[in-house]
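Work through the exercises below with the sequence and the 3D view at hand. Try each task before you read its solution.

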Amino acid sequence: MEHTKTYLDYKKKANEKFVRYDEGAEMYHMGISKFMQIAKDAKACYKVGQMVLVKLEIIDEYLETFRIVDDDFYK
């Protein structure tokens, strides 16, 4: 099975700890402004000079708090 370039890019980034806003938004399939807001809410931002990096482990933990466990939702 041949994978697309996008899939291979995501596979490569799976080993990264930190990403920039645009990379993270692409990885999580959301807009940049939404990803920026989630990163700030999760307190996952690291500022190095003018550059902001987002720690993916913190984002993943934060997103898990939004999991829907109510069975009625899935009916």
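## Exercise 1: Positive phi

K43 lies in the loop between helix 3 and strand 2. Helices (H or I, at least four residues) and strands (E, at least two) are DSSP runs, numbered from the N terminus. This is a predicted model: local features need pLDDT of at least 70, side-chain atom pairs count only at pLDDT 80 or more, and totals for chains, interfaces and linings use all residues. Residues are numbered from 1 along each chain as its sequence is written, and side-chain values use heavy atoms, with hydrogens and water left out.

Solution. 
- Step 1. Recall the background: most residues other than glycine have a negative phi.
- Step 2. Check the cover. K43 counts as exposed because its relative accessibility is 70%. The classes are buried (under 20% relative accessible area), exposed (over 50%) and partly exposed (in between), with a 1.4 Å probe and protein chains only.
- Step 3. Turn to H29, in the loop between helix 2 (21-27) and helix 3. At 67% relative accessibility, H29 is exposed.

## Exercise 2: The hairpin

Task: state how strand 2 and strand 3 run, and how many bridges join them.

Solution. 
- Step 1. Locate strand 2 at residues 45-48 and strand 3 at residues 51-55.
- Step 2. Apply the rule: two strands pair if DSSP finds at least two bridges between them. Here 4 bridges join the strands, which run antiparallel.
- Step 3. Pick one contact. K47 has V52 in strand 3 as its bridge partner.
- Step 4. Inspect the turn. The hairpin has 2 residues between its strands, and G49 in the turn has a positive phi of about 65 degrees.

## Exercise 3: Aromatic pairs

Task: classify the ring pair of F18 and Y46.

Solution. 
- Step 1. Set the cut-offs. Rings of Phe, Tyr and Trp (its six-membered ring) pair if their centres lie within 6.5 Å; planes under 30 degrees apart are stacked, over 60 edge-to-face, and the rest tilted.
- Step 2. Take F18 and Y46. Their ring centres are 5.1 Å apart and their planes stand at 85 degrees, so this pair is edge-to-face.
- Step 3. F18 is in strand 1 (residues 18-19) and Y46 in strand 2, 28 residues apart, so the pair links distant parts of the chain.
- Step 4. F18 is partly exposed at 30% relative accessible area, and Y46 is partly exposed at 36%.

## Exercise 4: A salt bridge

Task: which residue does K75 meet in a salt bridge?

Solution. 
- Step 1. Use the rule: a side-chain nitrogen of Lys or Arg within 4 Å of a carboxyl oxygen of Asp or Glu.
- Step 2. Count. The rule gives 1 salt bridge.
- Step 3. Name the partner. The K75 side chain meets that of D72, at 3.7 Å from N to O.
- Step 4. Check the cover. K75 is exposed at 79% relative accessible area, and D72 is exposed at 52%.
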